[in-house]
Amino acid sequence: MMAVVATAMVVQRNLFAVVVLGGIYSFLMATALVALDAVDVAMTEASVGAGISTVLLLGALHLVRGDEARPLGRPWFPLAVSIAAGGVLVYGTLGLSAFSDADAPIHRHVAPRYIEQAMKETGVPNVVTAVLASYRGYDTLGETTVVFTAGIGVIALLRQRRRKDRDRK
Amino acid sequence: MMFAAATLAIIVTMALAIVRAIRGPTVFDRAQAGNTTGTMAVMLLAVIGFLNGRPEFLDLAIVYGLLNLVGTIAVLKFFRYGDLGDPGEGEPPRQP
């Protein structure tokens with residue numbers, strides 16, 4: 001079902017329909033993630049993909065025309081690159097350990113230390129918060145910077161347009 | 001058994017809504033189809049929770065419902081006013 005929606009998004013030339021289909025795709029993706037027990041990721045997918053992205057894409061759609069231009073040539077080379085990348089990713093999943101395997105490397109490398117030492121080393125009672133804010137502090141700082149910059153860019157683009165509208169009236 | 005049948009019915013409904021979203025001639029067909037898909041996602045989430053015997057994620061379904069509402073209102077407001085920042089007809093425009 002998700003493949004059908006994605007194909008329709010590629011083929012469809014009306015950008016408004018593409019935005020609506022993108023929201024639908026996000027809801028399907030979030031449902032699939034819940035079925036895989038990744039509840040927090042599903043939550044993010046639903047709020048970002050179906051909520052904020054739809055709103056922001058509609059705001060961007062207001063700045064451009066509603067129909068996509070016909071492509072100039074046949075995009076065979078990007079298609080080949082996409083299929084190759086997908087094939088490599090599928091090949092990579094063959095090397096993963098079994099689903100919910102307790103002996104997988106991710107559960108044996110640093111996770112026990114996080115669980116046992118986090119309180120002593122950082123003084124933060126919540127393990128997830130300790131990992132994000134202390135062990136991976138610089139990583140989180142970088143992510144926050146990226147999100148902040150993107151937010152400033154979006155606000156600048158949408159505000160400018162509104163002020164121009166008001167001057168015209 | 002009953003939950004499995006419900007899941008199947010919801011998936012069929014979702015497929016029909018997606019067909020309408022892809023083919024839909026007017027904007028309203030597509031907005032309605034998007035909203036229906038979101039609602040079906042909420043219900044599917046709830047039913048899958050009971051199907052697996054762990055209905056702890058019902059609150060997540062409620063969050064989906066709220067997001068679905070926000071998305072649909074954004075789509076309709078965009079269509080009505082052509083701009084997301086436009087105040088409604090009743091309110092006077094804000095002075096800078």
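A nonpolar surface patch of about 460 Å² is formed in this predicted model by B:Met2, B:Phe3, B:Phe50, B:Leu51 and B:Leu58. Two helices of chain B, α1 (2-23) and α2 (27-51), each contribute at least two residues to the nonpolar patch. The structure also holds 1 cavity of 30 Å³ or more, and the lining of the largest cavity draws on helices of chain A and of chain B.

**Nonpolar surface patch**

- B:Leu51, one of the residues that make the patch, is located in helix α2 of chain B.
- The relative accessibility of B:Leu51 is 41%, so this residue counts as partly exposed; the partly exposed class lies between the buried limit of under 20% and the exposed limit of over 50%.

- How much space lies in the largest cavity? The volume is about 160 Å³.
- The lining of the largest cavity comprises 16 residues, of which B:Gly34, B:Asn35, B:Gly71, B:Thr72 and B:Val75 are the closest to the cavity centre.
- In chain A, the elements that give two or more residues to this lining are α2 (15-35) and α3 (39-63).
- In chain B, the corresponding elements are α2 and α3 (58-81).
- By residue class, the lining of the largest cavity consists of 8 nonpolar, 7 polar and 1 charged.

**Chain A: architecture and burial**

- Chain A contains 8 helices and 0 strands, and its elements follow the pattern α-α-α-α-α-α-α-α along the sequence.
- Chain A has 169 residues, and 21% of them count as buried.

**A:Ser26 in chain A**

- Helix α2 of chain A includes A:Ser26; this helix, α2 (15-35), is among the elements that give two or more residues to the lining of the largest cavity.
- Is A:Ser26 buried or exposed? A:Ser26 is buried because its relative accessible area is 6%, and the class requires a value under 20%.
- A:Ser26 and A:Ser47 are separated by 21 residues in sequence, while their C-alpha atoms lie 9.1 Å apart in space.

**Chain B: architecture and burial**

- Chain B contains 3 helices and 0 strands, and from the N terminus on its elements run α-α-α.
- Chain B has 96 residues, and 35% of them count as buried.
- Helix α2 of chain B supplies at least two residues to the nonpolar patch, and α2 of chain B also gives two or more residues to the lining of the largest cavity.

Definitions and conventions. Residues are numbered from 1 along each chain as its sequence is written. Chains are lettered from A and ligands numbered from 1 in the order in which they are written. This is a predicted model: local features need pLDDT of at least 70, side-chain atom pairs count only at pLDDT 80 or more; totals for chains, interfaces and linings use all residues. Side-chain values use heavy atoms; hydrogens and water are left out. Patches are made of residues with over 30% relative accessible area and no salt bridge: like charges are joined within 9 Å, nonpolar side chains (Val, Leu, Ile, Met, Phe, Trp, Tyr) within 5 Å. Accessible areas come from the Shrake-Rupley method with a 1.4 Å probe; for residues, only the protein chains shown count as cover. A salt bridge is a side-chain nitrogen of Lys or Arg within 4 Å of a carboxyl oxygen of Asp or Glu. Helices (H or I, at least four residues) and strands (E, at least two) are DSSP runs, numbered from the N terminus. Buried means under 20% relative accessible area, exposed over 50%, partly exposed in between (1.4 Å probe, protein chains only). On a 1 Å grid over the protein atoms alone, a cavity is a set of points where a 1.4 Å probe fits but cannot get out, and a pocket is an open set with protein on both sides within 12 Å along at least five of seven lines; lining residues have an atom within 4 Å of a point. Grid points are joined across faces, edges and corners, and a volume is the space filled by probe spheres set on the points. Ala, Val, Leu, Ile, Met, Phe, Trp, Tyr, Cys and Pro count as nonpolar, Asp, Glu, Lys and Arg as charged, and the others, Gly among them, as polar.
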